[in-house]
Amino acid sequence: MALTASDRQAITDLINMHGHLTDQGAFERMDELFTPDAEFDLSDFGLGVRAGLAAMNEAVRAIEQHPVGHHVTNIVLSEGDDGTVHAISKGIGIGTDGHCGSVVYEDTLHAGPAGWRITRRTIRLRRVPLQA
């Protein structure tokens, strides 16, 4: 399956929408982004791997000092052999005190009746600067 320009735009919009919905606290709308049985690897936050939207929302709410702003950048898409799309992107979180944090999102997406949805998301914290 060749990824069309329309597919790429839909996937990019979906990934970007995550920050908006999270910052609004619109967790009831996460089904617009994720499949109902999506897996969420939050191991870097000490929360393990969760399955399903309810478990994801519970885990996200458990994170203390949630950023007030979630910003997604550097989205790169690649096609899988099985009709899936793999996406990596950078996330920047801004805290109430101005502190910034960085993560890498690793997503697997699948097209279904409702359009593209994330079936698995791993969030990796960036804790150590590049050592050249």
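Two strands count as paired here if DSSP finds at least two bridges between them, and helices (H or I, at least four residues) and strands (E, at least two) are DSSP runs, numbered from the N terminus. This is a predicted model, so local features need pLDDT of at least 70, side-chain atom pairs count only at pLDDT 80 or more, and totals for chains, interfaces and linings use all residues. Residues are numbered from 1 along each chain as its sequence is written, and side-chain values use heavy atoms, with hydrogens and water left out.

**View 1. Strand 4 and strand 5 form a hairpin.**
The two strands run antiparallel and are joined by 10 bridges. Look for Gly93, which sits opposite Gly101 in strand 5. Between the strands there are 5 residues, and Gly98 in the turn has a positive phi of about 90°.

**View 2. Strand 6 pairs with strand 5 and with strand 1.**
On the strand 5 side, the pairing is antiparallel, with 11 bridges, and the hairpin leaves 2 residues between the strands. Val103 faces Leu125 of strand 6, and His110 stands opposite Arg117 in strand 6. With strand 1, the sense is parallel and there are 4 bridges; here Phe40 is the residue opposite Arg121 of strand 6.

**View 3. Helix 2 has a buried side and an exposed side.**
Buried means under 20% relative accessible area and exposed over 50%, with partly exposed in between (1.4 Å probe, protein chains only). Leu53, Met56, Asn57, Ala59 and Val60 are the buried ones in helix 2. They lie on the same side of the helix because they cover an arc of only 165° around the axis, taking the directions from the helix axis to the C-beta atoms. Ala54, Glu58 and Arg61 are exposed on the other side. As for partners, the buried residues of helix 2 pack against strand 1 and strand 2 (49-51).

**View 4. The largest nonpolar core has 28 residues.**
A nonpolar core is a set of buried Ala, Val, Leu, Ile, Met, Phe, Trp, Tyr and Cys residues joined through side-chain atoms within 4.5 Å. Ile11, Met30, Phe34 and Leu109 touch the most other members. At least two core residues come from each of helix 1 (5-24), strand 1 (34-41), helix 2 (53-62), strand 3 (69-79), strand 4 (85-94), strand 5 (100-112) and strand 6 (115-126).

**View 5. Leu109 and its contacts.**
Contact means heavy atoms within 4.5 Å. Skip the neighbours within four places in sequence, and Leu109 is in contact with Ile11, Leu14, Thr84, Val85, Ala87, Trp116, Arg117, Ile118 and Thr119.

**View 6. Zooming out, the protein chain has 2 helices and 6 strands.**
Read from the N terminus, the order is α-β-β-α-β-β-β-β. The radius of gyration is 15 Å, close to the 14 Å that the globule rule gives for 132 residues, so the chain is as compact as a globular protein of that length. That radius is taken over C-alpha atoms, and the rule is 2.2 Å times the number of residues to the power 0.38. The C-alpha trace spans about 45 × 40 × 25 Å along its principal axes. Buried residues make up 38% of the 132.
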